[in-house]
Amino acid sequence: MTRALIALLSGTLFGAGLAYSGMSDPARVQAFLDLLGQWDPTLAFVMGGAMLPMAVAWVIRSRLSSPLAAPTFDLPGTTKLDRPLAIGAILFGMGWGIAGLCPGPALADLAIAPGDVAPFVVAMFVGMAAQRFVPFLSQKPKQAGPK
Amino acid sequence: MGGLLIGLAAAIMLLGLGRIAGVSGMAARATGIADSGAPRNVAIAFVVGLPLGALLIAQTVGAVNVSFPASIWPLIIGGLLVGYGTRLGSGCTSGHGVCGLSRLSPRSMVATGMFMASGFVTVGLLRAGGWQ
């Protein structure tokens, strides 16, 4: 119960940050990705700003033997640069550019413009399920978990 | 300011629950598409928090402006690619971009470089082709 509440707090702050920063606006995300056109670089500062607390958090993490409210750290340990990583990132980038949405903003927008974002969210889950059940590009049968 | 909130959220997930606040992974876990990862209740609570936080901003700070592609097709095609790609590549902007880059993870640096480059090229082509 405590863990679910901590996760809810984390998700809520995350969604608030996305909405507050403009990351949840597909038109602004596309302007950020429009490097050769009328480039709007402000979202780069949002990503940079998000990395500051996290850089501190990684330092604190290295001094903790376990997290504050769970028995162990469960973090990605793979360091292998493989084909699924590269192909997945390229496909994701294409979709990000085409729609102006990535998973966090899409889910946050369910509270802002549910009718507009619904087709994207449904398609996103179909795509996720397709990768799980039809993993023809994957070298391994199962993903290692969330990153 | 918004960026700091996102980073704080990810820091709470890391230090409180020992996990990466990766939205694609949490969303796949919450819906049962992924059968490993965060405990189900943690994933569901995190995912429910995202629209809740956006709603909170809309109610307190003021209207959140969003403008979507006029046609439904970019949303459907984009959604399919984002869903498939983030699962295959083990993460999205939050997991690889925010959490992985700040950890100096080589996989995340490569993934972030590639999805940013892919996004730049895609939008460049769409604009050049007059589609957007």
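**Notes on the predicted model**

1. A:D82 and B:R107 form a salt bridge in which the closest N and O atoms are 3.3 Å apart. Because A:D82 lies in the loop between α3 and α4 of chain A while B:R107 belongs to helix α6 of chain B, the pair joins two chains. Both A:D82 and B:R107 are buried. It should be kept in mind throughout that this is a predicted model.

2. A further salt bridge brings together the side chains of B:D35 and A:R132, at 2.5 Å from N to O. This pair also crosses between chains, running from B:D35, in the loop between α2 (23-30) and α3 (40-60) of chain B, to A:R132 in helix α6 of chain A. With a relative accessible area of 43%, B:D35 is partly exposed, and A:R132, with a relative accessible area of 25%, is likewise partly exposed.

3. Within chain A, the side chains of A:D40 and A:R28 meet in a salt bridge at 3.7 Å, N to O. Since A:D40 sits in the loop between α2 and α3 of chain A and A:R28 in helix α2 of chain A, the pair ties together parts that are twelve residues apart in sequence. A:R28 has a relative accessible area of 29% and is therefore partly exposed. A search of the whole structure finds five salt bridges over all chains, and the count between chain A and chain B is four.

4. How many residues of each chain are in contact with the other? For chain A the number is 109, in contact with 105 residues of chain B. The area buried between chain A and chain B is about 9,400 Å², and carbon and sulfur atoms give 76% of that area. Between chain A and chain B, 19 residue pairs are in polar contact, both residues being at pLDDT 80 or more.

5. On the side of chain A that touches chain B, the elements giving two or more residues are α1 (2-21), α2 (26-33), α3 (42-61), α4 (83-99), α5 (103-108) and α6 (114-133) of chain A. The most is given by α1(A), with 18 residues. By residue class, this side of chain A divides into 75 nonpolar, 22 polar and twelve charged residues.

6. Leaving aside its neighbours within four places in sequence, A:T12 is in contact with B:G49, B:L50, B:L52, B:G53 and B:L56. Its relative accessibility is 15%, so A:T12 counts as buried, the cut-off being under 20%.

7. The largest nonpolar core has 76 residues, and those with the most contacts inside this core are A:F14, A:M54, A:W96 and B:F46. Helix α1 (residues 2-17) of chain B provides the largest share of this core, nine residues. A second, separate core has six residues, including A:L91, A:I98, B:Y84 and B:L126. As general background, nonpolar side chains tend to be buried together in soluble globular proteins.

8. Which residues are in contact with B:F46, leaving aside its neighbours within four places in sequence? From chain A they are A:A7, A:L8, A:S10, A:G11 and A:F14, and from chain B they are B:M13, B:A21, B:V23 and B:M26. B:G129 and B:F46, by contrast, are 83 residues apart in sequence and 39 Å apart in space, C-alpha to C-alpha. B:G129 lies in the segment after α6 (106-128) of chain B, and because its relative accessibility is 40%, B:G129 counts as partly exposed.

9. Two backbone values in chain B deserve a look. The phi of B:S90 is near 60°, a positive value in a residue other than glycine, and B:S90 is placed in the loop between α4 (73-88) and α5 (93-102) of chain B. B:L104, which is not a glycine either, has a positive phi of about 60°, and its place is in the loop between α5 and α6 of chain B. Are these residues buried or exposed? B:S90 is buried, with a relative accessible area of 8%, whereas B:L104 is exposed, with a relative accessible area of 61%.

Conventions: Residues are numbered from 1 along each chain as its sequence is written. Chains are lettered from A and ligands numbered from 1 in the order in which they are written. This is a predicted model: local features need pLDDT of at least 70, side-chain atom pairs count only at pLDDT 80 or more; totals for chains, interfaces and linings use all residues. Side-chain values use heavy atoms; hydrogens and water are left out. A nonpolar core is a set of buried Ala, Val, Leu, Ile, Met, Phe, Trp, Tyr and Cys residues joined through side-chain atoms within 4.5 Å. Buried means under 20% relative accessible area, exposed over 50%, partly exposed in between (1.4 Å probe, protein chains only). Helices (H or I, at least four residues) and strands (E, at least two) are DSSP runs, numbered from the N terminus. Contact means heavy atoms within 4.5 Å. Buried area is the accessible area (1.4 Å probe) that two parts lose on being put together, summed over both. A polar contact is a pair of N or O atoms within 3.5 Å; within protein, one must be able to donate a hydrogen and the other to accept it, and residues adjacent in sequence count only if both atoms are side-chain atoms. Ala, Val, Leu, Ile, Met, Phe, Trp, Tyr, Cys and Pro count as nonpolar, Asp, Glu, Lys and Arg as charged, and the others, Gly among them, as polar.
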